[in-house]
Amino acid sequence: MTEPSPRPAASGGGAQPEEADRLRDMLRNPGYLKALVFCALIGVPVSLAAFWFLVVLHELEHLMWADLPQALNWDTPPWWWPLPLLLVAGILVGLVVRHLPGAGGHIPASGLHAGGSPPKALPGVIIAAVASLPLGATLGPEAPLIALGGALAVLFRNLAQAPPTPQSTVLLSAAGAAAAISAIFGNPLIAAVLLMEVAGVGGPQLFAVMLPALLSSGVGSLVFTGFGRWTGLETGSLSLKLGVPIPRLDAGDVLWSVLMAVVIGVLVHLVLVGGRRATVFISVRPVVHTALCALAAGACGAVYALITDRSPADVALSGQQTLTRLAADPHSWGVGALIAVLLCKGAAYSLCLGSLRGGPVFPSLFLGGAVGVLFAPLPGLGVVPGLAAGMAAAIASALRLPVSSVVLVVLMLGGSAMIPVVILAAVVAFVTTELLPPGPALPPLGKPAGPPATGAGPA
């Protein structure tokens, strides 16, 4: 192919930006337009598949943790309930990792990935998710959904006998993953932002530019909010005034949010390092060691139930429903219960990150929210700012995706009042976690680890 001839100068006297030319040429490319249409079409079956996948997971979870205990005359699951369920989950996932293509999908300790699972890995992804999540894994469904959506999109491309290319595979995988992930978050915006960050568009250079801009916008919002309140003047802004009372941020909220973000960043990093060590442990003997890690995660739920006389489901499962109850009535949790759930769920989360299959989003949101509620009585910090900053810090540390974390927490809160502390907490926690030493390297999926290397080489 020959180089395209340069475009004529713009009327302002300068040449048009090269990036604008590339974007215009791409949008005029018939192949790209066909890909857009195809992505819109595959969004329908992928979304339907994601919907029914989530329905099955929800119904099975309700059966195992509500219907079955009630049928056995227990109002809530007994303290030992997670032990047999997670033992079964560990054995099933270990068998999938050992024998099925794709090893059941991405290891949660490695973070989220933008699609990438081939269609032949679909059975293993589905079986591992169904074996993990309803039986009590301290993980969410987002990672299996991303793998499911990406694999289905490529499968439909193959069924349509469209010519496969590396570019089309990446494009379709990302589109299918976004269609699937929007089902769990209930908002297409967070799905698009999340997939852009997960795919690494722009690489480290994007983060180098994005973090200062994100941080500056949060600080600027605080200054404008405070200055406008002091002077009584308005500059005009594109915003809606909600008809419900919302707390006003003050200096105490900002200070405690930043300090809390540092603490959460360190704690979440320790959890993630523990998950990576669990991955190395199970790679030696996938079936036996996965079962042991899952059983240990169940023991965390059992210990919590014995200590607090609360349901072991607070520690097991993703934490999505527990977070809803925590946000609705934070005062129903005593200090002892909050500390116990943080310790036990953090340990179970770490074990499940390295052994079972699921996603890291909802457990980290719950842990951050619990820290925020625990710190809320501090002078100058309220429950809502603590909850918002805690969730933002924990999810940013767990995912290493600060923009997606901010968008997700803001959408969950349903308003813009907490945006400044959400941004500050997310950026501070992200930077804190990135500056800490990384954990051990993850071994290849589905392959036993060999003997330790004796010579010098990469970790």
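Is Arg325 buried, partly exposed or exposed? Arg325 counts as partly exposed, at 45% relative accessibility. Those words have cut-offs: buried is under 20% relative accessible area, exposed is over 50%, and partly exposed is in between, with a 1.4 Å probe and protein chains only. I'll come back to Arg325 in a minute.

A bit of housekeeping. This is a predicted model, where local features need pLDDT of at least 70 and side-chain atom pairs count only at pLDDT 80 or more, while totals for chains, interfaces and linings use all residues. Residues are numbered from 1 along each chain as its sequence is written, and side-chain values use heavy atoms, with hydrogens and water left out.

Okay, the overall picture. The protein has 16 helices and zero strands. The accessible surface comes to about 22300 Å², and carbon and sulfur atoms own 69% of that. Those areas are from the Shrake-Rupley method with a 1.4 Å probe, and for residues only the protein chains shown count as cover. Now contacts, meaning heavy atoms within 4.5 Å: if you take the ones with a separation of 6 or more, 79% are between residues 24 or more positions apart.

Let's go inside. The largest nonpolar core has 104 residues, and the members touching the most others are Leu145, Phe185 and Leu365. Helix H14, residues 383–399, gives this core its largest share, eleven residues. A nonpolar core here is a set of buried Ala, Val, Leu, Ile, Met, Phe, Trp, Tyr and Cys residues joined through side-chain atoms within 4.5 Å. If you click on Phe185, you'll find it touching Ile190, Leu194, Val361, Phe362 and Leu408, leaving aside residues up to four places away in sequence.

H10 runs over residues 286–308, so to speak a 23-residue stretch, and spans 33 Å from first C-alpha to last, close to the 33 Å expected at 1.5 Å a residue. The expected span is 1.5 Å times one less than the number of residues. H12, residues 335–355, has 21 residues and reaches 30 Å, close to the 30 Å expected. H12 is mostly covered, with 15 of its 21 residues buried.

Side chains of opposite charge can pair when their charged atoms come close. How many salt bridges does a search of the whole structure find? It finds three, taking a salt bridge as a side-chain nitrogen of Lys or Arg within 4 Å of a carboxyl oxygen of Asp or Glu.

One of them joins Asp314 and Arg310, at 3.4 Å from N to O. Another joins Arg325 and Asp314, also listed at 3.4 Å, N to O. Arg325 sits in helix H11, residues 320–328, and Asp314 in the loop between H10 and H11, so this pair ties together parts that are eleven residues apart in sequence. Asp314 is buried, at 4% relative accessibility, while Arg310 is partly exposed at 28%.

Then there's Arg400 with Glu434, where the closest N and O atoms are 3.1 Å apart. This pair links distant parts of the chain, 34 residues apart: Arg400 is in the loop between H14 and helix H15 (402–413), and Glu434 is in helix H16. Arg400 is partly exposed at 24%, and Glu434 is partly exposed at 41%. As for Arg310, Asp314 and Arg325, salt bridges with shared partners join them into one network.

While we're on H16, residues 419–435, have a look at Thr432, which lies in that helix. Thr432 is buried, with a relative accessible area of 16%. Not counting residues up to four places away in sequence, Thr432 touches Val262, Gly265 and Val266.

Leu68, Leu72, Trp74, Trp79, Trp80 and Leu306 make a nonpolar surface patch of about 560 Å². Patches are built from residues with over 30% relative accessible area and no salt bridge, joining like charges within 9 Å and nonpolar side chains (Val, Leu, Ile, Met, Phe, Trp, Tyr) within 5 Å. Leu72, in the loop between helix H2 (30–71) and helix H3 (82–99), is partly exposed at 44%.

How values were computed
Helix = DSSP H or I, 4+ residues; strand = E, 2+ residues; numbered from the N terminus.
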